[in-house]
Amino acid sequence: MARINTFTKSISGIPEQLRQGIHNTKVGRLVIPFFRVVYNIMDAAIERSPLGIYKVVNSTDPIQRDLAIAKISMGTSILGATALWYAVGNSGALFIQKKV
């Protein structure tokens, strides 16, 4: 659980091959020293956005599917609230009442 919460869990497949290729060069180690952390943060962000629907479609386990839907719902609602707050800004445009 600690590896997941600190975004240091191991990666495999093409991302791991890419990490090894980057870390085999001196410049790559200087430019992207924490490739695994950056990759895991992006993966967590994608899995909590509407793009995370790929886990729902690919999941055969109903528990994992429900968890994926919950993450998508929470992430999307936070994204929407943040976008609304940004659009309104500090003006408080939603709370201004017209004077009659």
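Arg 48 and Glu 47 form a salt bridge in this predicted model. The closest N and O atoms of Arg 48 and Glu 47 are 3.2 Å apart. Arg 48 counts as partly exposed, because its relative accessibility is 36%. Glu 47 counts as buried, because its relative accessibility is 11% and the limit for buried is under 20%.

Glu 47 has a salt bridge to Lys 71 as well, with 3.0 Å between the closest N and O atoms. Lys 71 belongs to helix α6 (residues 62–88) and Glu 47 to helix α4 (residues 35–47), so this pair ties together parts that are 24 residues apart in sequence. The relative accessible area of Lys 71 is 31%, which means that Lys 71 is partly exposed. Through shared partners, the salt bridges join Glu 47, Arg 48 and Lys 71 into one network. The side chains of Glu 47 and Lys 71 are also joined by a polar contact of 3.0 Å.

How many salt bridges does a search of the whole structure find? The search finds three. Besides the pairs Glu 47 with Arg 48 and Glu 47 with Lys 71, there is a salt bridge between the side chains of Glu 16 and Arg 19. Side chains of opposite charge can pair when their charged atoms come close.

| Salt bridge | N to O distance |
|---|---|
| Glu 16 and Arg 19 | 2.8 Å |
| Glu 47 and Arg 48 | 3.2 Å |
| Glu 47 and Lys 71 | 3.0 Å |

Why are Glu 16 and Arg 19 separated by about one helical turn? The reason is that Glu 16 and Arg 19 are three residues apart in helix α2, which covers residues 14–23. Are Glu 16 and Arg 19 buried or exposed? Both Glu 16 and Arg 19 are buried.

**Helices and the aromatic pair**

The protein has six helices and zero strands. Read from the N terminus, its elements run α-α-α-α-α-α. The protein has 100 residues, and buried residues make up 18% of them.

The count of aromatic pairs comes to one. The ring centres of Phe 35 and Tyr 39 lie 6.4 Å apart and the ring planes stand at 15°, so the pair is stacked; the cut-off for stacked is planes under 30 degrees apart. Helix α4 holds both Phe 35 and Tyr 39, four residues apart, which is about one turn of the helix. Phe 35 counts as buried, because its relative accessibility is 11%. Tyr 39 has a relative accessible area of 28% and is therefore partly exposed.

**Pockets**

Rolling a probe the size of a water molecule over the atoms shows where empty space is left.

The largest pocket has a volume of about 220 Å³. Its lining includes Arg 3, Ile 4, Asn 5, Phe 7 and Lys 9. Asn 40, Asp 43, Ala 44, Glu 47, Arg 48, Lys 55 and Lys 71 also line the largest pocket.

Which helices each supply at least two residues of the lining of the largest pocket? These are α1 (2–5) and α4. Helix α4 gives the largest share of that lining, four residues. By class, the lining of the largest pocket has seven charged, three nonpolar and two polar residues.

The second largest pocket has a volume of about 160 Å³. Glu 47, Lys 55, Ser 59, Gln 64, Leu 67, Ala 68 and Lys 71 line the second largest pocket. Helix α6 gives the largest share of this lining, four residues. By class, the lining of the second largest pocket has three charged, two polar and two nonpolar residues.

Glu 47 takes part in several of the features described here. The salt bridge partners of Glu 47 include Arg 48 and Lys 71.

Terms used:
Residues are numbered from 1 along each chain as its sequence is written. This is a predicted model: local features need pLDDT of at least 70, side-chain atom pairs count only at pLDDT 80 or more; totals for chains, interfaces and linings use all residues. Side-chain values use heavy atoms; hydrogens and water are left out. A salt bridge is a side-chain nitrogen of Lys or Arg within 4 Å of a carboxyl oxygen of Asp or Glu. Buried means under 20% relative accessible area, exposed over 50%, partly exposed in between (1.4 Å probe, protein chains only). Rings of Phe, Tyr and Trp (its six-membered ring) pair if their centres lie within 6.5 Å; planes under 30 degrees apart count as stacked, over 60 as edge-to-face and the rest as tilted. On a 1 Å grid over the protein atoms alone, a cavity is a set of points where a 1.4 Å probe fits but cannot get out, and a pocket is an open set with protein on both sides within 12 Å along at least five of seven lines; lining residues have an atom within 4 Å of a point. Grid points are joined across faces, edges and corners, and a volume is the space filled by probe spheres set on the points. Ala, Val, Leu, Ile, Met, Phe, Trp, Tyr, Cys and Pro count as nonpolar, Asp, Glu, Lys and Arg as charged, and the others, Gly among them, as polar. A polar contact is a pair of N or O atoms within 3.5 Å; within protein, one must be able to donate a hydrogen and the other to accept it, and residues adjacent in sequence count only if both atoms are side-chain atoms.
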